Each structure stands twice: as structure tokens, then as C-alpha cells.
Amino acid sequence: MAQEGPGGSSKNARRVVLRQNNLVAWEQADTVSSGRALDASLKKNTGYIKRLRSSLNAADSVAVLLKETSTLSLEKYLSEIVGAAVEGVGRCKTAVEIQGGVEVISALHCRFPTLFTRPFKSQLLASLQPCPKDTSQPVDQREREEASRVIRQRSLLRVLGELEYVGVIRPDKAGQVGDVLFAAFRDLLTADKDALVASIPLAVSFAKHLSPLYLSTAPEEDAGSVVQPAEKAKFRQLLSAYYDALSKRSVKEHTHLLQTDQRNHDAYIRSGEIFEDRAQVYEKLSRNWEKLWAGVQSLSETLALPLPTLPPLPSAVIPGGSLISDGTARTEGVYETSGSVWLDEEEKRFYVDLLDLSLEVPASLLGVAKEDTKPDTTTLPDIDAPVRSDDLTEEELQKDYVEPSLGTADEPLPAGPSAQLTALLARLPEMSSVETIDRAAVEFAGLNSKAARNRLVKALFSFNRKRLDLIPFYSRLVATLNVYMPDVGANLLSLLDDEFRYLAKRKNIELTEMRLKTLRYISELTKFGVTPLHSILHYYKVCLDDFARHNIDNICILLESCGRYLLRSEDSRERFKPLLDVFKRKKSVQNLDQRQIAMLDSAYYQCDPPERAAIEHKQRSDMELFIRYLMYNLLGRHTLEKVLKLLRKLDWNDELVHRKIFNTFTKIWKVKFSQISLVAVLLYDMSKFHAEFTISVIDQVLENFRLGLDQNSFKQNQQRIATVKYLGELYVYRVVDSRVIFDVLWSLVTFGHPEGRPWPDYNSPTDPQDDYFRIRLVATLLDSVGPFFDKGGLKVKLDGFMTFFELYLFCKKPLPIEVEFLVSDLFEKLRPASARATSYAEAALALDELVAQASDQLDLPRAGDELDRRESDSSSSTSSSSSDETIEDIDLSDDEDDDATPIALSDDEEDINARPRHVGMSAEEEDAFSQELAKMMVSNSEKTRQIPKTTLADIVLPVRKREASGSMAPLPVEQDHMSFTLLSKKGNKAQARTMQIPLASTIAVNSMTKQAQDVAEKQELKRLVLNYEHQSEADTKSSPIRQHRQRPT
């Protein structure tokens, strides 16, 4: 219980004084007069209203308001003062502000007990009314408005309690102090039972701040209190009931939260991830429960009530709605052992936890007697009688199938219930959840009659055969109704039995969908306990006796649908095992095709899966889990800097930490494909602090790439795609250079082929002709780095590779359509203007021409493309997207692996190969070359400074004579031409000569236009000056007084 502070006695004394003054004002009732003239100034009165509305919560404004309340004439503005006062007290938050507001309201009450207080009370109580729920608004907007309303009403509720305590607001004639507050407080707490959480701030504020006045039960406080103990008991009882409701809600919400977490964990185990919608639902539930639990704790502490007991937490609830998995799946739980009936808890709830209609529907509406509450299986047909095709006549086998009929009901349905039942049956195909099908059962129970049950059975039996997803939900509906309406299950089983017998007769007719629907229906009803045990075993035995053709499919359907239930259920286990033994013997001796064998094995293992040891999951340390969380969960575009800082803070001297970081950077296939570029950026940043680590990562990535080429296993295709994508991103972010990229590209098209050249008639064991995965690798790599090889030597080298790549494509078998599209998109992106070869001979000819051209240029000195690129990068700190590569050598064989030559030359070209090849300068030669180049540049700059600067001789421009008016003489114009003076220079002498330009030429037209504009501008300026002078003279003549004043004394 909240207690008064050190100043509590002074506050109580002040409340007593205010109460006495306010009660006296109520007795005088507007008869009080100041006896002196009051200020009726409009300015002061409007200022008073404005200050009352906006500054009532300011300490310095309270004294001014109290003074002005007694000195201003406020009668004409009382309607505005009432609204301003309600709005002003709503701004008060702290105890001091509320006390000041009470003082001002009391002063106004003392002046106008009736004219002010009664409308003020009405508006204050109207502001404390609960807001009606508007379902038309969005949920987020409705929640924001609800939160702002609660914040405003929290202050108004405290003001109401203080004003009622000091006597400003009075209850009815027969009421007690606190009745007005109790009514308003009760409406706020109990108006909407679904929104209990929204009223928590109101309850907590009341319990903390108004408990000394309305909740305290101490005898010493009751002696001087104006609130009676009975009223305090009412407030305490209201808060206790509200707290109990909140406690129950918190336990319910916590249970729901745990169930959601359990389902998320199971979904994570099944699919390896938690979908976004599940995560959002979990986050919302977690936030709501945390808010609810905080309110329960505050009320428990304030009211001295015990906290509710929450159920235990079965799994770790991670704030933020995500489950951080360490890679281990839970193996505990009875529903994952080999002897369990159900696969998981959710499946058990679906088949076992049925709705009890007696709790939802009155017993009088169920329409059955007490002795008929159990299903009557005696009305079922004799399905134990064996169905043998030998006993059937030829006429019976040729009969057309007639749908079984239920007959007509004794009494037809009334018009109203009949229409409701028709609407219900029309909605049945749309009910695909437990909630909707349970609601349908309750709704049908309200329409229960014999005719309604017959219509329901017919609707449940005659639905679309392709809607197999409805069978489990229809079976649940039948099982729910069968407890109190046993004829529903009996009639449906009768129809299904007739259809099964019909299908047993029609062995040579293709009725696959009908067989699947009927047997699935019977199996689902078996798991709900509607189908008798002897019936389902008889169906299985009938199919097993004739183990051929369609009965093999029937046995597979029965085993997959209810075989696990029959084998693990205590009632059917001993009777079902012999049938399984017969099944295995017949399967082993029958001559079945591969399809049937695969179907029977799959069905059997779903019924009785083989026993296997539990999967041993790798145990990881906390540091390993943290590093995995950083790289696989936290890493993103907005968290890149954060991950880098956290990785740098780790102990790199620890071998375990270093190895784990190394694994996360090299096993790139464990990262999401869309985040590979982020890992490349991270490695680039790490290279500034751990250069050796970066080199080792690059070496391991290249080793993984080479290992993939050697093994060529389809199981590693995803890893190889990720590795190649990683190499491309490393080049983009300048971690590796172009030589590495071209080494990888050439390795993809030459590795495993004789002499490094693919041939159409040679099938390499590591690169078969029908294996197109290397093409995907090339496309993936060039998709990342191809746009950067668009000029200079890199463009030449890429052109050479693309020529060889075309030859490589013709060495494969005809490309599949998706690979052909991939290659077309690649060439269109990188070389849209170049023409592709149409045959192997054309591609080989283009390659030979390229080799001949490269051989002619072998003696040319090559420029270090990577050196130029590094110099360009250092001079312009741009991103990897800038084109900073310079011209490289056209020699294509320099960028290949040592063990593979990209181009195998023919015998006629051996003399070219015998020529010495230019292998580039050594390190010493490059240093000497750089020194000589620097000297040459310095000497050139010195010579440039020593060259004397030659200045142009002073050229005398021709002078045009002015006219008598002072303006420049216009250019001479004759009839059809204009004269221009051309200034030229010969040696050091300037020469001027006159040229005749036609008037129609552009230069002549422009010159005349410019002259006309100049003349017009001068005339306008002249006019303005003259007008100004005339106006000045007129003003001087018309104002002799002004002349006198301006005359010096």
C-alpha cells in the first residue's frame, strides 16, 4: 500500500482547509459577492482563460491564476473557463501540479459554486467515460488512440479523487464521499473485459496515489478521513477483483505463449527455420504478456497481494521472437519414440481432444436419450462376411453402381432450420481448421433432427473426390457428433461399406480416386474411434486375400493412413501383427514390379519404421555458438560494422576461436546465399588487421574449389556454387586480383581434358559431356565479375576466354533449355554486340585466329595490369565498381594453371611455340625501370620550367568612330552585305582587313539584332532619366513649405 511522504501531514491539513471553504461555498450557492468592482477587461479575461488552459501545470502560473480569480470579472466567460479548466487539469502529471490544479479549481468553485462547478463536473466525468470500440479503424491506430486516452484519463482520475475529497465535487444527496469516483473508476476497469490490459495504468496510478485517501484501512488514518470504511472496502474489493482477472489473464497468456514457443521450436526442427509470420506472432504475444505481467507485479506490490503461479517453461523463450538453435534437436518426449501412437503432440490433440457438445449446447438440443449416448454398432451391416468374386454372378458384376440412399426422414425440416442447415452444409468444403469444424458441430447441434442428420451424412459422404484434405476434418466432425448422435457415424460407415464392396467387385475398372477417398475416410474414422476394430481389420484382410492389382494400392493406403495407429494401439496390436506378417510373406513371394515394391516398402516403413540409433549432435561451446550467431544470424547490411567490431574483440590468440572464425569464413555454403557479399566485405575489412588470416582464407577457398573439380560430386554442387560466388565477391571487394579469377575460369573449362583443350569426341571422367554444372559455375562467377572486365587488358583477356568458352560449349551434348537460356543471358550481358559461333568448326577457327594474333604480339612489352590497378586504387579511393584496370598483355596462357594449357596448338604451329616467350620483367628490372621513369619525369618538368614564356605582342584593336550624338557608329551596311573588320597576326604585327559578309548570314543577322537591342535599351534608359527629372522639378515647385523647411537657418 502506498504511504504518504514526509509532507503528507501538511497536504492533509491543506485538504481539510480546502474542504471547509468548498462546503461553505456550496451552502452560500452564488450569493458571495466581492463587494468591490472587478476588472472586466477583455484582454485580461482572455489571458486568464489561455493561462488556465495551457499553463495550469506550471508552478508560477498557479499564483497568478489564484490572484486573477478573485480580481477579474469572469461571469461572461464561464462556459469557456469550464472547458479550459478540464483541459488544463488534464495536463497535470505530478503530485505538485495536481495540487496546484486543485487549488485553482477550488478558488473557482468558491466564486461560482453552481455556475462553474456543475458544468465542470459534467465535462470531467464525460472525459472519464470509456471509449467505445471502433472496429472500422486499423488495429495499430486503435491501439495508439487507446494508449493516449489512458494517459489522459490517468491524470483526470487523480484530479477527480482529489476534488471529491476536498468537497468540490459532491455525490448525490444520499451518497457518500467517493461514490462519484467509484462509479467512474468501475466503468473504466470493467467496460471492456477483453481490454483489461489497457486499464492497467489506471489501476496502478489509483493504487499508488489515491490509496491514502480511498484504500487505507489503518485505524489512525480512518479517524480523520472523510471517506467511510465501507467506501474504502468497495474500492479495495474492486481492485482485488480486477487483480484476480488480470492474474487469470496473465496465466492464460503465458500458457499460450509457451504453446506458441513449443510450436515454433517444433517447426524449426522440421524445416530448419522459423517463418516470418510465426516470428511476428510470437513477438506480439511476448510484448503483450510482458506488459501484462509488469502491471500484475505493480498491482501485487501496491495492494500487497500474492503473485499468481505461472506454469513451467518447457523451452527457452528468446526475447525478440527468435530461437537461437545450437544445431541440436530435442529427442525427449514420448511422441518421438518408436512405440508411440501419434507422431507429435499436435496430431494427438487433433484426434483425441474432441469438443464436448454438452458444454456448448443444452442437453435438450442434442436430441438423443440417455440410453442412446453410445454409438450403436449393431445397426452396421455384416461386414465380416468375406467378399469373394467367385460367389458373384456375371449379372452382378455388370451392374451399374447406384449411390446408396439413406431414405427419407419421417418429418421434413421446417423452413427456417432447413435454410440454416443448407447454409451450413454449403460452408463445409471451406472448413479446413479445427476451430471452424468445431463451430460447425455446435451449430449443427442446434439444428439437430433425424432429417438434418441424414442430410449431413449425405453431404459428408458425397463431396468432391479430389478434396482429400477435407477427410480428416469431416472425420473429426463425425467423431464429435457421434457421441450424442450415434446414427451419424453408423449411417456414414454403412455408406462407406457399400462403396467398398462395390469397389471390391469392380477389380478391372479404373476407380483410383474413389478407392483412395473411401479407404482414407475409413482410416481416418478408425483413428477417431468411429470405425469398429473388427471392421478395419476385415477390410485389410479382404485386400490381403487378393494381393494383386488394385488391392496392392488399397493396402498401401490403409497402411499409410492408419497402420501406425493399429500397430501401436493396445487394443489392435496383437490382432494386427499377424496380418503384417502375412503381408511381408506375400510381398516376398509375389512377382511385383519396381513401382509396387517401392509403394509397399514405403507404406510398411511408415507403419513400422526401422529402429535406428539416436542422432548424435555435435556439442558446441558458448564461444562457438556466439561466433555462429554473429555470422549466420546477426550479419546483415545494417549490422556489418557491429559484427566486425565484435569479431575484432575476440581473443585471436586462442586456437579454438581462431579456428572457428576461419571455418565460418571458408565454409561459405553455410551462409545464406544473399549474404555471401557481406562476408566478402567483412573479410576485406579484416585484412587490415589480420593480413595472414585473409591469405589463409583465400588459400582454403581456392583449395575447396580445386577439390570440387577433382571429386565432381553432385552432393557438393551447392557448396561449389557458393564457393565460386564467394570468389567473385572477393574480387569485387578487392581481396583477390584478376589473375586469381582468370585462373579459376580457365580451370573450369580446361581441367580434366587432355592438354587442357576439350574435344567433342572425348568424355572426361571429371567433366562428362552430359554434365553442365561447370557452365553454371562459369555463369555464376562471370555474373559477379564480368561487368568489371569492360575495358583495357582485362577486356581482351575476357574476350579470349569467351571465345574458348564457346568452343567448350560445343564439346558438350545439346544443352538443356534452362542452360541454354543461362548462356544466352551471360553473352547478352557481357558481349551484347558480338556474334556467337554457330558450330564447333567456327568456334575452333575463331580460337585459332586469336592464338595467331596473340603469337604475333608476344614480343611486345607487357604492362603490369595489377600494378596499374593498385596505383589507380590508391589515387582514387573508389569502390570496386570503378573501372580501374589498365591495358594487359594479350597473352592468354599467362593466366592458366601450371598443369593445364588453355589452347592446344596444332603441329603447324610448333615453330611458333619454339620462339622464346616473353615472361615479363623480374623484380630488380621493375625497380630499375621505375627509377629511370621517375628521373625522366623530373628532368622533363625542369626543362618545362626553363622554357621562357612567350607573350603575345600588344595588338592594337581597330577603333570605331563615334557619331555626333556620342554613340558608337553602327557597322556599315550596304545593299546586300555588311562590312566586318577581321583582325589577324603575321609574325609580331597585327593586321586588320575588311570583309564583306552577306546580310542573310548568321553573323550579320546576330550583329544587327544586337545593335537594335542596344539602341532600344539606350532609348528606354534616356526616357526614364528624363521622366525622373521632370517629376523632381514639379515636386519642387508645388511645395514651397517643403522648400522653407529645407532652407538652412
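This briefing walks through some helices, their packing and a few individual residues of the structure above.

The model is a predicted one. The protein has 42 helices and two strands, and buried residues make up 39% of its 1049 residues.

- With a relative accessibility of 14%, Asp 438 counts as buried, because the cut-off for buried is under 20%.
- If you set aside its neighbours within four places in sequence, Asp 438 is in contact with Leu 355, Arg 476 and Thr 480.
- Helix α19 has twelve residues and reaches 17 Å from its first C-alpha to its last, close to the 16 Å expected at 1.5 Å a residue.
- The buried residues of α19 are Ala 451, Ala 452, Arg 453, Asn 454, Leu 456, Val 457, Leu 460 and Phe 461.
- Ala 459 also sits in α19, which runs over residues 450-461.
- Ala 459 has a relative accessible area of 22% and is therefore partly exposed.
- From C-alpha to C-alpha, Ala 459 lies 9.0 Å from Ala 426, while 33 residues separate the two in sequence.

**Helix α20, an enclosed helix**

- Helix α20 takes in residues 471-482, and its end C-alpha atoms are 16 Å apart, in agreement with the 16 Å that twelve residues should span at 1.5 Å a residue.
- Twelve of the twelve residues of α20 are buried, so the rest of the structure largely encloses this helix.
- The buried residues of α20 include Ile 471, Phe 473, Arg 476, Thr 480 and Asn 482.
- The buried residues of α20 pack against α14 (345-352), α18, α19, α21 and α22.

- Helix α21 spans residues 486-505; its 20 residues reach 29 Å from first C-alpha to last, close to the 28 Å expected at 1.5 Å a residue.
- Of the 20 residues of α21, 14 are buried, so this helix too is largely enclosed by the rest of the structure.
- Helix α21 packs with helix α22 (residues 512-527) at an angle of about 140°, and their axes are 10 Å apart.
- That angle makes α21 oblique to α22.
- The crossing of α21 past α22 is left-handed.
- On the α21 side, the contact is made by Leu 492, Leu 493, Leu 496, Glu 499, Phe 500, Tyr 502 and Leu 503.
- On the α22 side, Met 514, Arg 515, Thr 518, Leu 519, Tyr 521, Ile 522 and Leu 525 take part.
- By type, the residues of the contact of α21 with α22 divide into eleven nonpolar, one polar and two charged.

**Helices α7 and α9**

- Helix α7 (residues 139-166) and helix α9 (residues 200-209) pack at an angle of about 25°, with axes 9 Å apart.
- The two helices, α7 and α9, are therefore roughly parallel to each other.
- The crossing of α7 past α9 is right-handed.
- In this contact, Val 150, Gln 153, Arg 154, Leu 157 and Arg 158 of α7 meet Pro 201, Leu 202, Ser 205, Phe 206 and His 209 of α9.
- The residues of the contact of α7 with α9 comprise five nonpolar, three polar and two charged.
- Ser 205 of α9 is buried, with a relative accessible area of 7%.
- Apart from its neighbours within four places in sequence, Ser 205 is in contact with Arg 154, Arg 158 and Leu 210.

- As background, most residues other than glycine have a negative phi.
- Ala 304 has a positive phi of about 60° although it is not a glycine.
- Ala 304 lies in the loop between α13 (276-303) and α14, and at 64% relative accessibility Ala 304 counts as exposed.
- Asn 712, another residue other than glycine, has a positive phi near 50°.
- The place of Asn 712 is in the loop between α31 (691-711) and α32 (717-732).

Conventions. Residues numbered from 1 in each chain as written. Predicted model: local features only at pLDDT ≥ 70, side-chain atom pairs only at ≥ 80, totals over all residues. Heavy atoms only, no water. Helix = DSSP H or I, 4+ residues; strand = E, 2+ residues; numbered from the N terminus. Expected span 1.5 Å × (residues − 1). Buried < 20%, exposed > 50% of the residue type's maximum accessible area, 1.4 Å probe, protein only. Axes fitted to C-alpha atoms, helices over the stretch in contact; angles between N-to-C directions. Parallel < 35°, antiparallel > 145°, perpendicular 65-115°, else oblique. Left-handed = near helix turned anticlockwise from the far one by under 90°. Contact = heavy atoms within 4.5 Å. Nonpolar A, V, L, I, M, F, W, Y, C, P; charged D, E, K, R; others polar.
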